[in-house]
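Please keep the sequence and the model at hand while reading.

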Amino acid sequence: MSLRLPGVPKLVSRYRAFDLLATLVAVVRTDGSVIFANAALEDAIGISRRTIQGTPFGDFFTEPQILRSALEGAADNAFSALRYEALVRRANQETFPVHVIVAQTERRGETIVELLPLELQAKQDREERLIDQAQANKELIRNLAHEIKNPLGGIRGAAQLLQMEIESRDLIEYTQVIIHEADRLQTLVDRLLAPHRRPHVVGDVNIHEVCERVRSLIMAEFPRGLRVVRDYDISIPEFRGDREQLIQAVLNITHNAAQALAERIAEGDAEITLRSRIARQITFGKQRYRLALELHVIDNGPGVPDSIKDRIFYPLVSGREGGSGLGLTLAQTFVQQHHGLIECDSVPGRTDFKLLIPLP
């Protein structure tokens with residue numbers, strides 16, 4: 001039963017800063033009735049905060065007596081903060097596991113209950129690793145490319161001078177091999193350095209124009225046996241970004257998918273889906289965003305090999321023989337320059353690369 005508490009509106013306004021947090025937060029009285037619920041809690045439980053406020057918070061737990069005991073302990077100054085694991089019910093009666101932190105406030109009779117969804121914690125840890133990995137990749141690539149570049153120029157120059165001095169056709173073929181391979185390595189180095197050299201050109205970006213450009217390029221290269229499905233949310237607004245970088249990022253992922261679908265293309269049932277959606281109240285990279293673009297590139301191929309699943313965004317890691325292993329690394333770099341990130345979920349028969357980019 002919903003209780004109407006005197007002074008709730010005034011108290012609620014004091015805790016509005018909790019709406020900026022990605023974790024689920026409730027401010028409750030000693031008797032367990034909710035004074036304030038933040039936006040993340042409202043989203044997670046699936047009930048409006050107006051309904052949550054004034055109700056016993058323990059009603060949302062499968063074992064409410066543990067929370068009641070914790071609130072009594074906080075009121076008696078038995079601890080400054082208490083942690084335990086629990087199950088919380090959503091509006092549809094589904095439950096999800098959380099790590100509960102019960103902490104005292106400066107005001108007597110008020111306690112903060114913070115809930116950390118365990119799947120959210122795992123997701124945040126994974127995203128943190130992706131961001132740290134991308135930063136390490138960037139430094140590694142930049143340093144390695146510069147270390148290769150100078151001696152490579154010397155090798156090529158020496159081979160050219162040697163070629164001018166010798167007369168034997170057989171020996172000239174050897175010097176040409178050296179020059180050719182040096183040029184090939186130079187091209188690789190230039191590709192490694194490309195995202196760090198090129199300035200970030202910002203303008204208005206329509207993500208569906210980006211997808212259509214990528215779709216036309218893929219269909220031109222794979223005209224038979226591959227179907228590229230559009231599944232767009234046309235309400236997605238334009239945003240500020242580098243259009244060419246985003247085209248390259250989406251193209252790299254889609255091209256990888258098409259190459260992984262070689263057997264299905266031969267059979268005529270290969271499919272790639274470009275799906276755009278709006279994600280609301282989403283957290284990634286330890287930051288909460290009100291709106292974000294969620295672009296999926298989904299294919300019905302064999303999936304990412306288990307041996308490289310955790311390393312697919314590393315440079316020079318490829319699941320395809322002859323692949324350079326740079327496509328996904330560069331895609332992740334370009335998306336992160338838009339304060340976003342790319343995630344991958346892959347099982348045999350379905351691989352989903354999800355690009356997340358904050359929207360204004």
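## Helix 8

The expected span of a helix is 1.5 Å times one less than its number of residues. The model discussed here is a predicted one. Helix 8 covers residues 243–260, and because it has 18 residues it should span 26 Å; its end C-alpha atoms are 26 Å apart, in agreement with that value.

Buried residues in helix 8 include Gln 245, Leu 246, Ile 247, Ala 249, Val 250 and Leu 251. Further along helix 8, Asn 252, Ile 253, Thr 254, Ala 257 and Ala 258 are buried as well.

## Nonpolar cores

The largest nonpolar core contains 43 residues, and Ile 207, Leu 226, Phe 239, Ile 253 and Ile 342 have the most contacts inside it. At least two residues of this core come from each of helix 7 (207–221), strand 7 (226–231), helix 8, strand 9 (270–284), strand 10 (287–299), helix 10 and strand 12 (350–358). Helix 8 gives the most to this core, with eight residues.

Which residues does Ile 207 contact, leaving aside neighbours within four places in sequence? They are Ile 236, Phe 239, Leu 293 and Leu 295. Another core, of 27 residues, lies apart from the one above; among its members are Ile 45, Phe 60, Leu 67 and Val 98.

## Ile 218 in helix 7

Ile 218 belongs to helix 7. Its relative accessible area is 1%, so Ile 218 is buried. Leaving out residues up to four places away in sequence, Ile 218 touches Leu 226, Val 228, Leu 251, Thr 254 and His 255. One of these, Thr 254, is 36 residues from Ile 218 in sequence, with a C-alpha to C-alpha distance of 7.6 Å.

## Asp 299 in strand 10

Asp 299 is part of strand 10. Is this residue buried or exposed? Asp 299 is buried, yet it has no salt bridge. Arg 264 is the nearest side chain of opposite charge, at 7.4 Å, whereas a salt bridge requires the charged atoms to be within 4 Å.

A polar atom of the Asp 299 side chain lies 2.8 Å from the backbone nitrogen of Gly 301. Not counting residues up to four places away in sequence, Asp 299 also touches Ala 257, Leu 261, Glu 271, Ile 272, Gly 349, Arg 350 and Thr 351.

## Helix 4

Helix 4 takes in residues 64–75; because it has twelve residues it should span 16 Å, and its end C-alpha atoms are 17 Å apart, which agrees. Its buried residues include Pro 64, Leu 67, Ala 70, Leu 71, Gly 73 and Ala 74. Strand 1 (24–29), strand 3, strand 4 and strand 5 (110–117) are among the elements that cover the buried residues of helix 4. Asn 77, with a positive phi near 60°, follows helix 4.

## Positive phi in loops

Gln 93 is not a glycine, yet its phi is positive, about 75°. Gln 93 sits in the loop between strand 3 (81–89) and strand 4 (95–104). With a relative accessible area of 56%, Gln 93 is exposed, because exposed means over 50%.

His 339, in the loop between helix 10 (327–336) and strand 11 (341–347), is a residue other than glycine with a positive phi, near 65°. The relative accessibility of His 339 is 61%, so His 339 counts as exposed.

Methods:
Residues numbered from 1 in each chain as written. Predicted model: local features only at pLDDT ≥ 70, side-chain atom pairs only at ≥ 80, totals over all residues. Heavy atoms only, no water. Helix = DSSP H or I, 4+ residues; strand = E, 2+ residues; numbered from the N terminus. Buried < 20%, exposed > 50% of the residue type's maximum accessible area, 1.4 Å probe, protein only. Core = buried A, V, L, I, M, F, W, Y, C linked by side-chain atoms within 4.5 Å. Contact = heavy atoms within 4.5 Å. Lys, Arg positive; Asp, Glu negative; His and termini not counted. Polar contact = N/O pair within 3.5 Å; in protein donor to acceptor, adjacent residues only side chain to side chain.
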